2 protein chains.
Amino acid sequence: MSTIGKALTLLDAISRLEKEAGLSDIARHCALDKATARRFLVELEKHGFVEQDVETRRYRLGGAPVRLARIREARFPYLSVATPFARELANLTGETVHLSEHAAGRLSTVHVEDSQRAHRVIVDVGSILPFHATASGLAFLAFSQAREIDEALSAPLKAFTDQTLTDPVTLRQTLGETLRRGYSICHHGLETGVVSVAAPIRAPGSTPVGAIAVAAPATRAEKETVDQMGRAAMAAARRISERLFGLEQVAADPLARRAG
Amino acid sequence: MSTIGKALTLLDAISRLEKEAGLSDIARHCALDKATARRFLVELEKHGFVEQDVETRRYRLGGAPVRLARIREARFPYLSVATPFARELANLTGETVHLSEHAAGRLSTVHVEDSQRAHRVIVDVGSILPFHATASGLAFLAFSQAREIDEALSAPLKAFTDQTLTDPVTLRQTLGETLRRGYSICHHGLETGVVSVAAPIRAPGSTPVGAIAVAAPATRAEKETVDQMGRAAMAAARRISERLFGLEQVAADPLARRAG
DNA sequence: AAGCTAAGGTTCATATATTGAACCGAAAGA
DNA sequence: TCTTTCGGTTCAATATATGAACCTTAGCTT
């Protein structure tokens, strides 16, 4: 792997750590030499991607990504367009709703609207959603190109619960159903006791850019309720997609054409 | 410079470009060889920091920073805490208000609340604020440590307008006034016809993390108005700082100790 | 208080990854 | 048609990254 790749992987690791970590910790975590890890951290710090606590000497995520994110959002307003629909969906269903975005070959949570109920599903902003074990992942894959599906299913598929689907054949079947239905359903895929539904956000005819999902405790997920939530997610996804990609004003909006 | 540094500089350059750019453009812009630029871009793309338009082959900022920014914001909620105060300040003054954050040795705009007036100052999210030529920069420096001030003033100071202060001695005097007054004033420093005031956001006794500024057309900047805006900015900054750094719950909130 | 361990950080010879001039084919302009 | 410029690739030369060993300090254990 290139140096850049290693450094960005280190940054990713830091973002995934619960709290700030020390040099040795980080080095161990990334299987890097202490000296190397330090050089990376210093370099990342120079550019504001990590910060070092002056007192504890521990490292944490810096402020630079905030600036980049604001610029990105100004050019491709995924969050600001999608958030209101997510909130609406959360109000409608009474359950936790989360938005994910596809970047670096992974689906990551970029926004969460918490359910108002006491008994609800918790989703962390920033968490990575495995393709095979989440409704978001299934919805994303189902509407992706064959190449993407093959790639996702060829990797070893971790069983997060005893009900996680890990068989590529079964999964392909599930993706087929999802494609026909228009939204995905995932029972206890990532965590036992959680049922979720999701629909892809996409320009017509092209690969999705993300997904919107509703996650509910299994106790509230009767078959009919699930279908209602699924349809609602689908409707929200469609409206978000229309707002983002417009009624084919492709020429005016270069971002309508996204990388495949 | 290290490879990582160069790659992050390239990323920075892309973020600063108005629109997506082609490979040769980017390489020229960063004074890198085309082959090198391409390798960097490919690597950055793998990690979601840039995207390549599949059709035009041009490159643009990717979605990865959004995820990192959300995580950063969850741990150190600078934007979500400061934004409401910025809005309040914008309503109170009727002028454009912007928030900046210190990262990578630079002050960058992370949020803007536009004035409702037709004749108003425009500030771009993501823009870098030079220390010597903006109210935000002066406010930040005035409350920083001597080392930081020396460093900022030792670099060549560009005259953005014919009224930009570029003499280190005069600037130090200005910083002294700012420190006593509690807020900074900048007349036509970055752009002719704009007067702005700013106050630092900081934990008591430590270096600022950013600033909040009000920018008004000079025609509306009577001496008394400026003072009112300055005091209002100061009040907002103080309230934001209190919310961010709390009433000394340092032990509970490790982020209260920030890198100097 | 001595002794131990692990922390953050640094050094420098070695090895490896980065570099860029030259190249290719495609497409746009003259 | 000819020319230029584009995105992208190749490979020998070389600048750069690497990591074992080292230092110092801080906190524990005995």
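The text below takes up these topics in turn.

## Salt bridges

The model is predicted. Over all chains, the count of salt bridges comes to 36. Three of them are described here, beginning with a pair in chain A.

The side chains of A:Glu101 and A:Arg72 form a salt bridge, with N and O 2.9 Å apart.

In chain B, a salt bridge joins B:Glu101 to B:Arg72, and their closest N and O atoms are 2.9 Å apart. This pair links distant parts of the chain, with B:Glu101 in strand E3 (residues 96-103) of chain B and B:Arg72 in helix H4 (residues 64-75) of chain B, 29 residues apart. B:Glu101 has a relative accessibility of 3% and counts as buried. B:Arg72 is buried as well, with a relative accessible area of 3%.

A further salt bridge is formed by the side chains of B:Asp150 and B:Arg172, at 2.9 Å from N to O. Here the link runs between helix H7 (residues 146-154) of chain B, which holds B:Asp150, and helix H8 (residues 168-181) of chain B, which holds B:Arg172; the two residues are 22 residues apart. B:Asp150 is partly exposed at 37% relative accessibility. B:Arg172 is also partly exposed, with a relative accessible area of 40%.

Some salt bridges share partners. In this way A:Glu20, A:Glu51, A:Asp53, A:Arg60, B:Arg72 and B:Glu101 are joined into one network.

## Helix packing

Two packed helices are described by the angle between their axes and the distance between the axes. The table gives these values for two helix pairs.

| Helix pair | Axis distance | Axis angle |
|---|---|---|
| H1 (residues 3-16) of chain A and H2 (residues 23-30) of chain A | within 10 Å | roughly 115° |
| H1(A) and H3 (residues 34-46) of chain B | 9 Å | about 25° |

The angle for the pair within chain A makes H1(A) and H2(A) roughly perpendicular to each other. Their crossing is right-handed. From H1(A), the contact involves A:Leu10, A:Ala13 and A:Ile14, and from H2(A) it involves A:Ile26, A:His29 and A:Cys30. Sorted by class, the residues in the contact of H1(A) with H2(A) are five nonpolar, one polar and no charged.

H1(A) and H3(B) are, by their angle, roughly parallel to each other. The crossing of H1(A) and H3(B) is right-handed. In this contact, A:Ile4, A:Gly5 and A:Leu8 of H1(A) meet B:Phe40, B:Glu43 and B:Leu44 of H3(B). The contact of H1(A) with H3(B) has four nonpolar residues, one polar and one charged.

## Buried parts of chain A

Helix H6 (residues 135-142) of chain A is mostly covered, with eight of its eight residues buried. The buried residues of H6(A) include A:Ala135, A:Ser136, A:Gly137 and A:Leu138, and also A:Phe140.

A:Phe140 is one of the residues that A:Pro208 touches, leaving aside residues up to four places away in sequence. A:Pro208 itself lies in strand E8 (residues 208-217) of chain A. With a relative accessible area of 2%, A:Pro208 is buried. The C-alpha atoms of A:Pro208 and A:Gln145 are 9.6 Å apart in space, while the two residues are 63 residues apart in sequence.

## Backbone angles

Most residues other than glycine have a negative phi. Two residues of chain A are described here with regard to this angle.

A:Ala31, which is not a glycine, has a positive phi of about 55°. A:Ala31 sits in the loop between H2 and helix H3 (34-46) of chain A. At 69% relative accessibility, A:Ala31 is exposed.

A:His188 is not a glycine either, and its phi is positive at about 50°. The loop between strand E6 (184-187) and strand E7 (194-202) of chain A contains A:His188. Is A:His188 buried or exposed? A:His188 has a relative accessible area of 13% and is therefore buried, the cut-off for buried being under 20%.

Key. Residues numbered from 1 in each chain as written. Chains lettered and ligands numbered in written order. Predicted model: local features only at pLDDT ≥ 70, side-chain atom pairs only at ≥ 80, totals over all residues. Heavy atoms only, no water. Salt bridge = Lys/Arg side-chain N within 4 Å of Asp/Glu carboxyl O. Helix = DSSP H or I, 4+ residues; strand = E, 2+ residues; numbered from the N terminus. Buried < 20%, exposed > 50% of the residue type's maximum accessible area, 1.4 Å probe, protein only. Axes fitted to C-alpha atoms, helices over the stretch in contact; angles between N-to-C directions. Parallel < 35°, antiparallel > 145°, perpendicular 65-115°, else oblique. Left-handed = near helix turned anticlockwise from the far one by under 90°. Contact = heavy atoms within 4.5 Å. Nonpolar A, V, L, I, M, F, W, Y, C, P; charged D, E, K, R; others polar.
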